[in-house]
Amino acid sequence: MGNTGSTSPASLGKAHVPHLQWKVHDFSALLETGAKSAKSAHFHCSGYKWFLKVTPPMHQKPGAETPYVGLSLKLGRTTLKPGDTVNAVFELSVYNHAKKIYYGRKATHNFDLNNTCSKDECLIPLQKLLKSSAFLVDDSCVFGVKILKIKVCSPEKKAVMVLKKATTLQNLFIQKKGLIKGTYTWTMDNYHELDLKRYVCSPTFEVGGHKWHVGMYPHGCRNITGHISLFLYLESSDKLCDESGKVVELTLSILDQKNGKQSTITSGLSVFGGDSS
């Protein structure tokens with residue numbers, strides 16, 4: 001688990017100008033959904049695509065009583081090369097509207113194809129956030145991340161500089177009512193033939209007014225092998241513009257036809273836009 005120190009985040013000072021500023025509207029609605037987490041759309045830094053993830057609530061340790069709001073940083077898998085390790089030093093933060101400054105924690109993580117997400121950092125106790133008029137304004141809060149340093153261990157031995165750039169602004173709106181639900185079943189009668197292929201794509205299906213398909217890697221994706229990898233994709237002909245996205249929570253299942261049981265995994269809330277890799 002992430003940081004287990006002070007129960008309150010420290011001021012990061014005026015020097016903390018985040019690469020991503022992510023405003024989560026209707027924060028109480030996010031809690032009501034029961035989602036495990038919510039993930040931003042991507043932002044760019046030093047040639048890589050990154051995502052910010054919030055986990056409300058989380059606990060410092062299993063069985064701990066005090067729930068926290070946790071933040072973590074995710075590196076886009078499509079921008080990583082096999083054999084590369086990206087060591088990143090970064091600051092995760094929440095904005096204090098009263099003092100007009102970010103509060104948060106500094107963290108570090110080694111990213112590679114087997115480990116694309118940092119540990120959750122316990123940023124602020126959930127109840128403190130909910131009762132605060134400084135961190136939570138009109139049921140909305142602002143999270144941020146600033147990447148301080150990147151070091152890449154690569155066969156190419158390339159150097160990476162973190163350049164100053166304008167802050168990327170994103171908004172996440174959570175619907176309290178009217179969530180659209182849909183299911184799709186992909187039946188593969190010729191699976192043994194498909195097993196010989198590297199990648200297989202399902203027929204297109206429609207949910208929520210958009211077209212989707214399921215992608216399957218029978219032997220795993222990239223250097224993660226030995227198991228089936230499943231992904232949900234928005235059809236390329238149905239891409240959303242960069243300024244918008246769909247908030248999606250998905251469940252992927254495989255049916256064990258012998259005993260009728262399903263192997264299931266459920267994602268957190270993610271912003272599905274032009275690229276969610």
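The backbone oxygen of Cys 117 lies 3.3 Å from a polar atom of the His 109 side chain. This is a predicted model. The briefing covers the surroundings of His 109, then the aromatic rings.

**His 109: position and burial**
- His 109 sits in strand β8, which spans residues 101–111.
- The relative accessible area of His 109 is 12%. His 109 therefore counts as buried, since the cut-off is under 20%.

**His 109: contacts**
- The His 109 side chain makes a polar contact with the side chain of Asn 115, at 3.3 Å.
- Ala 88 is 21 residues from His 109 along the chain, yet their C-alpha atoms are separated by 5.6 Å.

**Aromatic pairs**
- The structure holds nine aromatic pairs.
- One of them joins Tyr 103 and Phe 135: the ring centres are 6.0 Å apart and the planes meet at 90°, so the pair is edge-to-face.
- Tyr 103 belongs to strand β8, whereas Phe 135 lies in the loop between α2 (126–131) and β10 (141–153). The pair therefore ties together parts that are 32 residues apart in sequence.
- Tyr 103 and Phe 135 are both buried.

**Other ring features**
- Tyr 199, Tyr 217, Phe 231 and Tyr 233 form one aromatic cluster.
- Lys 39 lies over the face of Phe 51, at 4.6 Å from the ring centre.

Methods. Residues numbered from 1 in each chain as written. Predicted model: local features only at pLDDT ≥ 70, side-chain atom pairs only at ≥ 80, totals over all residues. Heavy atoms only, no water. Helix = DSSP H or I, 4+ residues; strand = E, 2+ residues; numbered from the N terminus. Buried < 20%, exposed > 50% of the residue type's maximum accessible area, 1.4 Å probe, protein only. Polar contact = N/O pair within 3.5 Å; in protein donor to acceptor, adjacent residues only side chain to side chain. Phe/Tyr/Trp six-rings, centres within 6.5 Å; stacked < 30°, edge-to-face > 60°. Lys NZ or Arg CZ within 6 Å of the ring centre and 35° of its normal.
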